[in-house]
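Please open the structure in your viewer and keep the selection tool at hand.

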Amino acid sequence: MVKIEIGGSGGGGIRATLAGKIDEKFDGQTILEAAQPGQRVTLRLDGVRGISSLGVRALEHFMQRLGARDVVLEDISAAVANQVTMIPNLLGRATVKSAKLPFVCPSCGAEEPRSIPYLPGATVTHAPACSSCGTKMDFDGFSEEYLPH
């Protein structure tokens, strides 16, 4: 089940934060009701921990229902990023700004999800510094499974 928190964002748009697992029960109706026609919708998805197979269909339908609105996705989780690489039209016309992906420190072994731009090669070009020791972190996965190529 997905928990949705809705608030304002600069410029008169709305910002919705989603957390939990997207399944067949997800419809995003509260977001659709809060967003006026033509209003920008920013979705923060770093709290989405998984998407079921029927949840993929529900998410795609929700994105279609957003219509011609300007939709920006911030900090998509690894679960969402992985689905987007497999199903490129999943998010419709939305722009993905960033992804929150897993990194590991080669020096001290710390593991942290960190936000990077949603760009090809960003796991290397925007690799974060470890918050424990300051060493440049390594991406904990294969970037082609989470970022555009």
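Helices (H or I, at least four residues) and strands (E, at least two) are DSSP runs numbered from the N terminus. This is a predicted model, in which local features need pLDDT of at least 70 and side-chain atom pairs count only at pLDDT 80 or more, while totals for chains, interfaces and linings use all residues. Residues are numbered from 1 along each chain as its sequence is written, and side-chain values use heavy atoms, with hydrogens and water left out.

Within helix 3, pick out Val80, Ala81, Gln83 and Val84, which are buried. Looking down the axis of helix 3, you will find its buried residues within an arc of 165 degrees (taken from the directions from the helix axis to the C-beta atoms), so they line one face of the helix.

Next, select Leu43, Met63 and Leu73, which touch the most other members of the 44-residue largest nonpolar core, a set of buried Ala, Val, Leu, Ile, Met, Phe, Trp, Tyr and Cys residues joined through side-chain atoms within 4.5 Å. Among the elements that each supply at least two residues of this core are strand 2 (13-22) and helix 1 (29-34). Staying on Met63 and leaving aside its neighbours within four places in sequence, show its contacts with Leu43, Val71, Leu73, Leu90, Leu91 and Ala94.

Finally, select residues lining the largest pocket, including Met1, Lys21, Phe26 and Thr30. A pocket here is an open set of points on a 1 Å grid over the protein atoms alone, where a 1.4 Å probe fits, with protein on both sides within 12 Å along at least five of seven lines, and lining residues have an atom within 4 Å of a point.

How values were computed: Buried < 20%, exposed > 50% of the residue type's maximum accessible area, 1.4 Å probe, protein only. Contact = heavy atoms within 4.5 Å.
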